[in-house]
Amino acid sequence: MGIAGKVEIRSVRKHYTVDGDRLQILSGVTFDVGSGHFLSIVGPSGCGKSTLLRLIVGLDSEYEGDILLNGERIGGPSRARGIVFQDHRLLPWLTLEQNIGLSLENMEWSAQDKAEAVRGQTALVGLSGFENAYPHQLSGGMAQRAAIARALINKPGILLLDEPLGALDAITRIRLQEELLRIWRVEGTTMILVTHDVDEAIFLSNEIVVMSAHPGYISKRFIVDLPSPRDRAGNEFIELKRLILAELHLYRQKAQSDTENWMNMASLI
Amino acid sequence: MSNLSAAACTVDATETAGKPAAVRSVSLKIGEFTRRFGSPVGLVLPILIVALWQTAASYQWVEPVFLPAPRKVVDAFWLMLTKQDLFFDFLASMNIVGQAFVYGSAAGIGLGTAAGLSRKFEQFLGTTVDTVRHIPGIAWLPLIVLWLGIGAPAKILVIAKSVFFPLFLNTLQGIRSVEKNYIELGQVLLLTRRQMVRKVILPAAMPNIMVSLRYAAGLAWALVVVAEGLSGLEGLGFLIFRAQGLLLTDQLLVCMAIIGLVGFVIDRQMYALQCRILRWQQGFKG
Ligand SMILES: Nc1ncnc2c1ncn2[C@@H]1O[C@H](COP(=O)(O)OP(=O)(O)OP(=O)(O)O)[C@@H](O)[C@H]1O
Ligand SMILES: [Mg+2]
């Protein structure tokens, strides 16, 4: 059982060297995630979101700056942090059940407890009946749900989610969003979610950071203090969405674009 | 070969789902047959060849001493089986191939895994392996026979050597080409080294290993004939060279047919095993 943790990211810079060229990916990323908070990261494709999660989970230690977990610098992967990768990354030679169970591989539980936990997790993500299917027999969304189950099963204190709901249909997506919220409330897990979906970010998180690309940095931070359950069509919700989209340069004021249309039409006349 | 085998590898998941039991059992039987021996289409060409052979023999296109009629070959087979030691010779060959295959592939997979996991060990073995590999197994035989005599052990050793190299190289290559993503997943799940090897690295290398197992099984069977022909007084290889010496062309053809058929069965069994072990793979089925 993980104890939620506080994550501090301090001036993290990261570059890759490609064919001798230095490619700066992150340039001074700084933000905190309080213990038990739900933070979402939104940003354009290629801005370094997945790279950042890799650093936080401890797969890559070649960076400048500090990533602190409860005040201590992280050194390698640990049970306290779970991750759902952007690609589902199920092992093709294991059945769904075995894939989910892989998380428990070196836990000192009885075989029966493990089987029970796997069954419970499988049911939670709605995959009961597919226990013995191989990944190539699953749909993209099913595989993604299995990956979520695998990350949740040993109840990490910090859960990193890299667009975990990207491959899902709207209905399943909303169901799993609610499921994530439920788990977050019940377990008090610290959540860091990468998403392209601004609605999803607002619906789930108490904080949203917007990243800019080339090189990546945090361009803005939003606190979401809407009451829950959140109304996806509520005024405050929409207002916040407008602000975030504007920050992402995806939103032009309606009035303005109307004027533009007018002017275009005017020029045609 | 490949299009015959492709039919055989279709996984039964789709086949067994949602059909009435009776239909299923029939289609399973056909499926089972197809899986093992390939589609009946594969029988057309052999039948044509035998027909041509029969014609050639009937019209005496070739002298009967050099090409006896199919009927005479069947008679020779019966004679060898009942009056001579054909079955015993067959077992002698199988015994050598079986042992050589097991030892050679166990050593190949074991050392290949070790070399795959440790660059140091690979470098340590590298020079030796790459040199010894190029001396054909058969070239070793004379020396080994001097040491071990003309009995089975010398042949087992030589054939095991020929089985070893494809397995060693393919296991090594298979392990080196495991996707880094999967290793990272294992790291995140805090798998121990042992678990990583068992759950991630070896299964990922399994397609390579299975291909070389199948190849090596065929190779071993082919080599036993050569090895027995070169030394020793039993086995199918011995029989075939003796038949040549005595101009018993019918017996020679019996041996050739047995060698071909056994090779075929070995290959199909290995392929079935490969399909079973790699059933998680979703490959191009042709
Ligand atoms: N191993 C690597 N070597 C070199 N460059 C890399 C490597 N991994 C990622 N990059 C580069 O780093 C940049 C950021 O990649 P990253 O995967 O973090 O983007 P992202 O924000 O997650 O994008 P998306 O939203 O599309 O998933 C990309 O430009 C990519 O080309
Ligand atoms: Mg990404």
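Which residue forms a salt bridge with A:Arg13?

## A salt bridge within chain A

In this predicted model, the partner of A:Arg13 is A:Glu64, and the closest N and O atoms of the pair are 3.6 Å apart. The two residues belong to distant parts of the chain, 51 residues apart: A:Arg13 sits in strand E1 (residues 7-18) of chain A, and A:Glu64 in strand E4 (residues 64-69) of chain A. Over all chains, the structure holds 22 salt bridges.

## Confidence

For the complex, the predictor gives an ipTM of 0.84 and a pTM of 0.80. Chain A has a mean pLDDT of 84, with 91% of its residues at 70 or more. The mean pLDDT of chain B is 84, and 85% of its residues reach 70 or more.

In chain B, pLDDT stays under 50 over residues 1-8, a stretch with 16 contacts beyond four places in sequence. Residues 10-19 of chain B also have pLDDT below 50, and the model gives them 13 contacts beyond near neighbours in sequence.

## Contact between the chains

The size of an interface is often given as the accessible area lost when the parts come together. Chain B and chain A bury about 2,100 Å² between them, and 65% of this area is on carbon and sulfur atoms. Three residues, B:Leu185, B:Val188 and B:Trp280, supply 29% of the area that chain B buries against chain A, which is more than any other three residues. The contact takes in 22 residues of chain A and 21 residues of chain B.

Polar and charged pairs also cross the interface. Between chain B and chain A there are six residue pairs in polar contact, both residues being at pLDDT 80 or more, and three salt bridges. A:Glu105 forms a salt bridge with B:Lys199, where the closest N and O atoms are 3.8 Å apart. On the side of chain B that touches chain A, helix H10 (180-188) and helix H11 (193-230) of chain B each supply at least two residues. H10(B) gives the largest share of that side, seven residues. By class, the side of chain B that touches chain A has eleven nonpolar, six polar and four charged residues.

## Surroundings of ligand 1

How many residues surround ligand 1? There are 13, and the closest are A:Ser45, A:Gly46, A:Lys49, A:Ser50 and A:Thr51.

Distances to oxygen atoms of the ligand can be given for several residues of chain A. For A:Thr51, a polar side-chain atom lies 2.6 Å from an oxygen atom of ligand 1. Backbone atoms take part as well: a backbone N or O atom of A:Gly48 lies 2.9 Å from an oxygen atom of ligand 1, and a polar backbone atom of A:Cys47 is 3.2 Å from an oxygen atom of ligand 1.

How values were computed:
Residues are numbered from 1 along each chain as its sequence is written. Chains are lettered from A and ligands numbered from 1 in the order in which they are written. Side-chain values use heavy atoms; hydrogens and water are left out. Contact means heavy atoms within 4.5 Å. Buried area is the accessible area (1.4 Å probe) that two parts lose on being put together, summed over both. A salt bridge is a side-chain nitrogen of Lys or Arg within 4 Å of a carboxyl oxygen of Asp or Glu. A polar contact is a pair of N or O atoms within 3.5 Å; within protein, one must be able to donate a hydrogen and the other to accept it, and residues adjacent in sequence count only if both atoms are side-chain atoms. Helices (H or I, at least four residues) and strands (E, at least two) are DSSP runs, numbered from the N terminus. Ala, Val, Leu, Ile, Met, Phe, Trp, Tyr, Cys and Pro count as nonpolar, Asp, Glu, Lys and Arg as charged, and the others, Gly among them, as polar. pLDDT is the predictor's confidence in each residue, from 0 to 100. A residue is near a molecule or strand if one of its heavy atoms lies within 4 Å of it.
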